[in-house]
Amino acid sequence: MQITCFKHSSGRGVLLLLFSIAMLMAAPLTVCAQNSRVFVSIRVYDDVDPADQQEIARITHQGFLPIVRESDGFVGYYLLPSGDKLASVNMFDTAEQAAASNEKARDFVAENLAPLLPNPPMIVEGAVDVMHVADFDRMMDDASSLYASLRIYHVGNMQDIEESNRLVEAHVLPALQANGGLFSYYSLSDGVDTVVGLNVYTSKDSALAANDIAAAFVAEHMMDWLPEDPVRVSGQLGVAALAELHMGENLIDNMMDEQQVFVSIRLYDGVDPADQQEIARITHQGFLPIVRESDGFVGYYLLPDGDRLASVNMFDTAEQAAASNEKARAFVVAHLAPLLPNPPQIVEGLVEVMYVADADKMMMDEGMTSLHALLAIYDGFDMTYLDETVTLVESIFLPELRENGGLVSYYGISDGVDKAIALRIADSEERLQRGSDIAADFVAEYLADWLPVDPTTVSGQLGVAALANMQMGANLVEYSRDEASVFASVRVYDGVDPANQNVIARLTNEGFLPIMRGSDGFVGYYLLPAGDRLAAVSLFDSAEQASASNEAAREFVAENLAPLLPNAPMIFEGSLSINYVAALPGSDDHGGVSELYASMRFYEGFDLRHFDEANDLAISHLLPALQDLGGLFAQFAFNDGEDTVVGISIFEGEEAALAANDAGKAFTIEYLADWAPNPPTGVSGEIAIAALAEMHMGKNLIADDYEDEAFVSIRVYGGVDPADQDEILRITSEGFLPIMRQSAGFVGYYLLPAGDTLAAVSLFDSPEQATASNAAARDFVTENLTPLLPNPPQITEGMLDVMYVTDKMTYEGLDSLYAALRIYDNYDLTDRNIAVELVESGFLPILQGADGLFSYFSMDDGVDRVVTLSVYETEENALAANTLAAEFVAEHMTGWIRDEPMRINGRLGLTALAGMQMGANLLGGEPMSGA
C-alpha cells in the first residue's frame, strides 16, 4: 500500500486536529441536511439603559459565558449592545441543545440581569442557511474588537427561501468579503416568517457598510418577498466566543481590568552561568507541571542570561498568580535555593499589549528548536502616558516587529505605579537583535519624553517556554537533554546469513512490528540489513517503556528468529540528543517511501564529559551538512552513558546515505578529535522496515514486498431518488462511517452521489478485513437505508494496482472534493502489469500536473473489469480528468480497453482516510450535497 507524504508531528496531533477543524470552518459552508445545520437562537432586548451595557457585557462574560461554553453542542455566542438595544446570538449543533442551554440562560438572566433588562426579548430561532467564519490568523490579529450588524426581516412567506440562500451565497457573501475585514457571516430563517442576517467585522466602518450592501441587494433581488425595512442592531460586540477556537474563550479584549492578563516577573542576580542549564532542567521537569495545572494559567517563560535569570509567569488574575506564586516559592526553596543565592527583584502588573504569533510558529515543528527573548524593565515610567504608549506600540512598533519576521510573541506590561515592562520573543538571536534596533529607534522617536532611563534588560535563549491552550501548555522549547527525551535502543547482530535477511524482514514486519506498535510509548522502529549484519533501532518515550517492549521482543525473537540470528547482539541504549524527522519523502510522485537508506556510526571510547559540547557542534555543523546532501529523512544521536556515541542518518537515496559516512568522519576529525580518539564503526544499507508512531498510525513506511496491497470494494447503486441523496449522506455519516473507522484494516472510504446514482468506495488492508466489514455494512444498510436504495448494487472488488494520496493534511479553504469514477468492462487483463506500469509512469504524472489532485486509485477485479477513481479539489479538475483519461487510453491502452467506461462524476458527499485526521470525515464531518 502506498500513501505519499504525510508530515510528522510529534506532540501536536490533538491540536493539529483542532486547527484543521478551524480551517475547515474558514470556507463558506452550506449544509443541506436539516438536522446537521447549526441552530441559532437570537434574543433582542429593547429599552436597555446604554449606561448598563458594559455591566451587562461584564456579567455575561464572567458568569454566563462559562455556562454556555460547557453546554453540549455549543458552537458560538455573540453579545451585541447597540444604544438602547441588546442582541444575543447563541449557536448550537441542534435545536434540542439550544433549548437545554436556554433553560440555563433563563435562570442566569433572572438571577443576575433582570433589573438591567426591563422588557422581555424578541426571539428568533432557526437553522443556519449560510455560514462563513474567517481564518485563524485573522482572528488572532484582529479580534481585539469586533463590530456586528444584525438584521431581522419579517416576511410574508418562506416559499423562496432556497432561492434566497442561493442568491446570498452567490452575491451577498462575496460582496461582504470584498468589503474587507469580514470575520463571520450567518444567515438563517425561523421557518415561519422571519429571516436574519448577521455580519461580524473587524472594523466599525465595514460593519456599517454591510448594512448598505444588504439594503442594495434586497432592493435589487428580494423586494417581492422582503417588503419591509429590517430591525437593525449594529455596534461593537461586547462578547464573542466560538467553540474550538481559542478553546471557546472570549475573543473580545473588552478592556475590563478583571480580564487582562496578570504578569509576575522575578529577576535573579548572581546566578552561576554553569548552573543555568540545571535550573532549566529542574524547572521544566518539576515546576512547569505545577504551574500548568494552576487555575488561570496563561503562560510561562524562563530566560537565562549570563549571571542573571528572569522568570515570567502569566495568569488570568492577580489572585491566581498569587496562589501559584505560593507553590512556586515552596518549589524554589525545596529544589532551587542553592542555585539562586540572592532574593529576586519582583515586578508585577497587567498586560497592556499582547501578541502571540500563529499556531504554526508556536508548534516548533519547522526546524525551530529554540526561542530567543529580551525582557526590558523601564523604571520611572510616567503612567499618565500609558494609554498613549499602548496606542503607539500597537499601531507603529508592533507592526514593524511583525514585518521584520521571526516575532513569536510580544507582551507590554505596566505595574500601575512607575514601571513599564516589555517581553519580546523571536525565533532566532539575529531577529531578536534586529527587533532591539527597531525598539531603540521607536523609543527615541516616540517615547523619549516619558521613557528617559535605559531599561534593565535580560536577553538570551529561553530555557523554558509554555503557553496554555497551545500544545496544551507543554514546554514550547525543545529541552533536548532531559529524561523526557526519546529513548533509543540499538541492537546490531553479526554473522547473519545474507540469504536470510528477507525472511527476517518479513517475519519482523508481520509479527514483531504489530507488537511494537501496540506497546506504550512507541515512537519509531527501523530495521537495517547489511550483508551479514543486521541492525534494529527501537524508539520509545522512556527507558521504562523501551524495557517493557524489549521483554515482548525477546520472546518473539526466541520463538521466531533465533535460528536466523546465531549470535547475541551488541546493544547500545540512551536518550536521543538529536531527534530530527523530516516530512515524508516522495511527495512529488506516486511512489511514496519505496526506499530508505541508513548509515549508522558507533563512536567507542568517547569522552562523554564533552558530550553536550559535541552535541551542540553536531546540531550546528553536522546536521546542516547532512541536510545539504539532499533527501535527509531522519537524524538521531545519543550516548550510552558509558563511552559510546551513536549517530543514525536516514536518507531516501543510497548515495546520500553513503556520503553521510564521509560527512560524519570529516566532522569528527575537525571538531571531535580530542574526545573521539577511535574512528567510528558502522552499518550502512537499505532499510527493510521503517515505522513511526502517529504517521500512518505506526504502520510500515516502506513499500516492500511483504505487505498485501490495499483491497477495494466498490458498490454502485442505480435508481436512487436525487431528493434522497442528502438523507443517505446524513445516515451514512452519522451511523455507517463510525463502523467503518473502527473496522480492522480500514484504509479509506469515499461516497459519491451523482444524480440517480450513488457510488461507495471502501478500502481495506486485506480482502478478509473488507469481508468482515462488509457484513457489518450489510446489516447497517438493511436496517437504515433499504427504502432509499431500491436496487441492489453493482459490485466490483479487487486489489489496488495504483494508490496515490496527496500530502495535504489541513485542506485549508476546501469545503468539498470532486470525484471522477470510471468503470471499464470487458477489459483484457492479460497484460495488466504492463498497463499498471504505464499508468504509474505516464498517466499519474499527467493527473498530478493538472493541479488540484487529491487522490487517485486504480484496481481490477481479476476477471474483466478495471475501475479508477480520481479525486480533485474542484469540479473542473475532476471533469478534466475524464478527458485526460480518454486521451491516454486512446494513445496507449486500446489493445486492452474495448468499451467506453461507465462514468460517475460529482461532488463527494463523504471522504475519510485512516491515519489522516484519525479517519474522520475529511469534508468537515458533515454530509455535503451531491452534484
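Helices and strands here are DSSP runs, numbered from the N terminus. With that settled, let's start. What you see is a predicted model.

First, the whole protein. It has 931 residues, and 54% of them count as buried. There are 19 helices and 40 strands. Now take the contacts with a separation of 6 or more. Residues 24 or more positions apart account for 79% of those.

Let me begin at helix α19, residues 875–892. Glutamate 875 lies in this helix. Is glutamate 875 buried, exposed or partly exposed? Its relative accessible area is 36%. Buried would need under 20%, and exposed over 50%. So glutamate 875 is partly exposed. Look also at alanine 819. In sequence, alanine 819 and glutamate 875 are 56 residues apart. In space, their C-alpha atoms are 7.7 Å apart.

Two packed helices are described by the angle between their axes and the distance between the axes. Helix α18 covers residues 832–849. The axes of α18 and α19 cross at roughly 145° and come within 10 Å. The crossing is right-handed. Which residues make the contact? From α18, they are Leu838, Gly842, Phe843, Ile846 and Leu847. From α19, they are Ala881, Leu884, Ala885, Phe888 and His892. By type, that contact has 8 nonpolar residues, 2 polar and no charged.

Helix α7 is residues 276–292, and helix α8 is residues 318–336. They pack at an angle of about 145°, with axes 11 Å apart. This crossing, too, is right-handed. On the α7 side, the contact uses Ile279, Ile282, Thr283, Gly286, Phe287, Ile290 and Val291. On the α8 side, it uses Ser324, Lys327, Ala328, Phe331, His335 and Leu336. How do the residues of this contact divide? There are 8 nonpolar, 4 polar and 1 charged.

Now a single helix, α3, residues 95–112. The buried residues of α3 are Ala98, Ser101, Asn102, Ala105 and Phe108. They cover an arc of only 125° around the axis, so they sit on the same side of α3. Turn to the other side of α3. There, Glu96, Ala110 and Glu111 are exposed.

Valine 196 lies in strand β7, residues 194–201. Its relative accessible area is 1%, so valine 196 is buried. What does valine 196 touch, leaving out residues up to four places away in sequence? The list is Ile42, Val124, Leu150, Arg151, Ile152, Tyr186, Ser187 and Leu188. Take isoleucine 42 from that list. Isoleucine 42 and valine 196 are 154 residues apart in sequence. Their C-alpha atoms are 9.1 Å apart in space.

Last stop, a loop. Serine 519 is found between α12, residues 501–517, and β22, residues 522–530. Is serine 519 buried or exposed? The cut-off for buried is under 20%. Serine 519 has a relative accessible area of 17%, so it is buried. Leaving out residues up to four places away in sequence, serine 519 touches Phe540 and Ser549.

That's the tour. Happy to take questions.

Notes
Residues are numbered from 1 along each chain as its sequence is written. This is a predicted model: local features need pLDDT of at least 70, side-chain atom pairs count only at pLDDT 80 or more; totals for chains, interfaces and linings use all residues. Side-chain values use heavy atoms; hydrogens and water are left out. Buried means under 20% relative accessible area, exposed over 50%, partly exposed in between (1.4 Å probe, protein chains only). Helices (H or I, at least four residues) and strands (E, at least two) are DSSP runs, numbered from the N terminus. The arc is that of the directions from the helix axis to the C-beta atoms. Axes are lines fitted to C-alpha atoms, for helices over the stretch in contact, and angles run from 0 to 180 degrees between N-to-C directions. A crossing is left-handed if the near helix is turned anticlockwise from the far one by less than a right angle, and right-handed if clockwise. Contact means heavy atoms within 4.5 Å. Ala, Val, Leu, Ile, Met, Phe, Trp, Tyr, Cys and Pro count as nonpolar, Asp, Glu, Lys and Arg as charged, and the others, Gly among them, as polar.
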